[in-house]
Amino acid sequence: MVLLESEQFLTELTRLFQKCRLSGSVFITLKKCLWQCSSGCVFPADDGRTKPIPRKGSVEGFEPSDNKCLLRATDGKKKISTVVSSKEVNKFQMAYSNLLRANMDGLKKRDKKSKSKKSKAAQ
């Protein structure tokens, strides 16, 4: 998994969306980052673990001003991630929402007639 800066993450996410436009899916996860570190999350390579290891005492000494969000995106082959601090969340959220609006135009419309047929059949 590649930990990127927020602007690089948005650029790579755009590439993932374009690559999977005709066939494929992009999975995005967002969660609260509970551990504290200076440059994001630590992914050790020595012991073969795939999950990040929080620093000792990071949950006990957690301050609300240090809130961070961890975003991950994958297409099944390539994985990217970023950590967004509470200071830059508004700027990131605006850019992220514009990116999602621009790339989610291929979604299929829901057929409303099939829903009404099911309800008539049940009665």
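This is a predicted model: local features need pLDDT of at least 70, side-chain atom pairs count only at pLDDT 80 or more; totals for chains, interfaces and linings use all residues.

Visitor: What makes strand E3 and E4 a pair?

Guide: Two strands pair if DSSP finds at least two bridges between them. Strand E3 (residues 68-74) and E4 have seven bridges, in the antiparallel sense, so they count as paired. The two form a hairpin with four residues between them, and Gly76 in that turn has a positive phi of about 100 degrees.

Visitor: How do you know that strand E1 pairs with E4?

Guide: By the cut-off of at least two bridges. Three bridges join E1 (residues 2-4) to E4, and these strands run parallel. Leu4, for one, has Thr82 in E4 as its bridge partner.

Visitor: Why is strand E4 called largely enclosed?

Guide: Because five of the seven residues of E4 (residues 79-85) are buried.

Visitor: Over to helix H2. Why is Asn103 called buried?

Guide: Buried means under 20% relative accessible area. Asn103 has 14%, so it is buried.

Visitor: What makes the link between the side chains of Asn103 and Arg21 a polar contact?

Guide: The distance cut-off is 3.5 Å for a pair of N or O atoms. This side-chain pair is at 3.2 Å, and it counts as a polar contact. A polar atom of the Asn103 side chain also lies 2.9 Å from the backbone oxygen of Leu99.

Visitor: How far apart are Asn103 and Phe17 in sequence and in space?

Guide: They are 86 residues apart in sequence and 6.5 Å apart in space, C-alpha to C-alpha. Asn103 touches Phe17 as well as Arg21, leaving aside residues up to four places away in sequence.

Methods:
Residues are numbered from 1 along each chain as its sequence is written. Side-chain values use heavy atoms; hydrogens and water are left out. Buried means under 20% relative accessible area, exposed over 50%, partly exposed in between (1.4 Å probe, protein chains only). Contact means heavy atoms within 4.5 Å. A polar contact is a pair of N or O atoms within 3.5 Å; within protein, one must be able to donate a hydrogen and the other to accept it, and residues adjacent in sequence count only if both atoms are side-chain atoms.
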